[in-house]
Amino acid sequence: MEARFITPFIQSVQNVFSTMLQLPMQIGEPRVKAGKNTGYDVSGIIGMSGDVVGSVVLSFPDDAARRVVALFAGEELSTDSPDFADAIGELVNMVAGGAKANFEGAKVSISCPSVVVGSSHLIANTSDVPVIEIPCMTDCGEVAIQIAIKTNANAPTQAASASA
Amino acid sequence: MRIMLVDDSKTMRNIQKSVLSQLGYTELEEACDGQDALSKVGAFKPDLLLVDWNMPNMDGLSFVKAYRAQDKTTPIIMVTTEAEKSRVIEAIKAGVNNYVVKPFTPDLLSQRISETLSKAGIAA
């Protein structure tokens, strides 16, 4: 995965958490994720299409997810509540949307988010792109962004610039 | 002042409702996507709409185009994660009056609402 994609996600997740939750975030060293098991309990997943394709996952341990959602929604919610999934989905939506705005020259669309709730769930990535995991720490606990995206060589704008 | 909130995220609608109620706006209607909003605008007759972009069934841009075919003047603020300049231009061409990028602070949303109503000549 191109390194230019990583910084926009770091900036975006810090912006989302500080603006919507007033929650400062310390960013750890990005690393290539080994194995498939996230070790996390709650994940918001969003797809990217257009000039850049792939997926972005925002994952939390159970306790951190509950605390973050309580801050965002203004009330404590059960993890099996639709509102809990809604809040996690909106967070990953804002993180992905903010990041893609800083992919210079790339026209990218994002999907509606999906949310997985389950202890130490597995998120299998079927693409050939390595998953980059960015560990983050907040006062609510750990958060991780997992990015598996690549430039789409077949996208119309990429094809146009390649032939120009 | 009747305000319609169009966003598929209930959490985001609740945050917007909280900001609006602090500003004194309590006559609110919610819609979870563009189709839902189109089915409600006739009866609710909003004075202002806050519209998300990415929603299932009918996205915000399609809603704005459909709404503008029947109402040219009621102000619309797009409240969205779509932050690229090209998207903002696309939205304005479709008939959006103002634009707020998520994430936003309550102060920023308040400011955009005030300036939108002021430009539209609507008393806040």
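Me: Which residue stands opposite B:M78 in β5(B)?

Reply: That's B:Y99. Keep in mind that this is a predicted model.

Me: OK. How many bridges join β4(B) to β5(B), and do they run parallel or antiparallel?

Reply: Four bridges join them, and the two strands run parallel. For reference, β4(B) covers residues 76-80.

Me: And what helix packs on that sheet?

Reply: α5(B), residues 106-119. It touches β3 (48-51), β4 and β5 of chain B, and its direction makes about 175° with that of β5(B).

Me: What's the strand order in the whole sheet?

Reply: It goes β2-β1-β3-β4-β5 in chain B, an open sheet of five strands with parallel pairing. At the edges are β2 and β5 (98-101) of chain B, each pairing on one side only. From one strand to the next, the twist averages 20°.

Me: Switching to α2(B). Which of its residues are buried?

Reply: B:G34, B:A37 and B:V41 are buried in that helix, which spans residues 34-44. They cover an arc of only 45° around the axis, so they sit on the same side of α2(B).

Me: Why would spacing like that line residues up?

Reply: An α-helix has 3.6 residues a turn, so residues three or four places apart point the same way.

Me: What do the buried ones pack against?

Reply: Against β1 (2-6), β2 (27-31) and α3 (60-68) of chain B.

Me: And which residues are exposed on the other side of α2(B)?

Reply: B:S39, B:G42 and B:A43 are exposed there. Just after the helix, B:K45 takes a positive phi of about 50°.

Me: Now chain A. Is β4(A) largely enclosed or left open by the rest of the structure?

Reply: Largely enclosed, because seven of its nine residues are buried. The strand runs over residues 52-60.

Me: Which strands does β4(A) pair with?

Reply: One is β3(A), residues 42-50, which pairs with β4(A) in the antiparallel sense over seven bridges. Another is β8(A), residues 141-151, also antiparallel, over eight bridges.

Me: Last topic, the contact between the chains. How many residues does each one put in?

Reply: Chain A gives 18 residues and chain B gives 15. On the chain A side, the elements giving two or more residues are α1 (6-21), α2 (62-73) and α3 (82-100). The most comes from α3(A), with nine residues.

Me: At what angle does α3(A) pack with α1(B)?

Reply: About 85°, with the axes 7 Å apart; α1(B) is residues 10-22. Angles of 65 to 115 degrees count as roughly perpendicular, and therefore these two helices are roughly perpendicular to each other.

Me: Which residues make that contact?

Reply: From α3(A), A:D83, A:D86, A:A87 and A:E90; from α1(B), B:K10, B:T11 and B:M12. By class, that's two nonpolar, one polar and four charged residues.

Conventions: Residues numbered from 1 in each chain as written. Chains lettered and ligands numbered in written order. Predicted model: local features only at pLDDT ≥ 70, side-chain atom pairs only at ≥ 80, totals over all residues. Contact = placed C-beta atoms within 7 Å. Axes fitted to C-alpha atoms, helices over the stretch in contact; angles between N-to-C directions. Parallel < 35°, antiparallel > 145°, perpendicular 65-115°, else oblique. Nonpolar A, V, L, I, M, F, W, Y, C, P; charged D, E, K, R; others polar. Buried ≥ 20, exposed ≤ 12 C-beta atoms within 10 Å, placed from the backbone. Arc of directions from axis to C-beta. Pairing = 2+ DSSP bridges.
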